[in-house]
Every structure is written in structure tokens, then in C-alpha cells.
Amino acid sequence: MKINYQYRSNIETKQVLKQFKSFLFPDLNKKNANRLSKNCDIALALNQNKLVGLLVVKKNVKSSNGEVISLFVAPSVRKNRIGTN
């Protein structure tokens, strides 16, 4: 299985919540987007141009650190080290 990874920076959090709703940690969908940071970074895992994994990171503007707020890997491809990569 060939997995391609794409990284996107400074994506509007509201857009991520709307576009990737089914790939987000369930608790994240319940939170009000206004309580989250305005922008976030995401990493996409794609297999044959199909989204199979999503990582959402809240950036700390004052440092180079971030906080993972959601990590999802599709059940059909779990245990292939996608989340680890």
C-alpha cells in the first residue's frame, strides 16, 4: 500500500471542521470552533487519492510547538503505521 502525505499550513479551523467532519475526533465536532484557534495545520494521508488519515494540529504562535487536536486513520488501513508516520 502506497501512502502519500500532504501537509497544509494555516488552514482556517472552521473550514477543517466543516470539510473533514467525518475524519475528526468525535469530541472535536462537539466543540464550538470559536473556542479553538483560528488557524491550524493539517496532514493528510492519501491512498490512491482517497483520504485515509488526517492529523490536525493547533499551532503555538510563540514557539515552534503544536498540540495535536485530532488524529484519525480509516479503519480499513489501521495498523499500517499511518498515524505513526
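Mentor: Two strands pair if DSSP finds at least two bridges between them, and helices (H or I, at least four residues) and strands (E, at least two) are DSSP runs, numbered from the N terminus. This is a predicted model, in which local features need pLDDT of at least 70 and side-chain atom pairs count only at pLDDT 80 or more, while totals for chains, interfaces and linings use all residues. Residues are numbered from 1 along each chain as its sequence is written, and side-chain values use heavy atoms, with hydrogens and water left out.

The protein chain has two helices and four strands, arranged along the sequence as β-α-α-β-β-β. Within this pattern, β2 and β3 run antiparallel and are joined by seven bridges, and β3 is likewise joined to β4 by seven bridges, again in an antiparallel arrangement.

Let us turn to the core. A nonpolar core is a set of buried Ala, Val, Leu, Ile, Met, Phe, Trp, Tyr and Cys residues joined through side-chain atoms within 4.5 Å, where buried means under 20% relative accessible area, exposed over 50%, and partly exposed in between (1.4 Å probe, protein chains only). The largest such core has 23 residues, and those touching the most other members are Val16, Phe20, Ile42, Val52, Leu54, Val56 and Ile82. Two or more residues each are given to this core by α1 (13-19), β2 (39-47), β3 (50-59) and β4 (66-73), and β2 supplies the largest share, five residues. Phe20, when its neighbours within four places in sequence are left aside, is in contact (heavy atoms within 4.5 Å) with Ile42, Leu44, Leu51 and Leu54.

There is also one salt bridge in the structure, a term for a side-chain nitrogen of Lys or Arg within 4 Å of a carboxyl oxygen of Asp or Glu. Its partners are the side chains of Lys58 and Glu67, 3.4 Å apart from N to O. Lys58 is partly exposed, with a relative accessible area of 28%, and Glu67 is partly exposed as well, at 42%.
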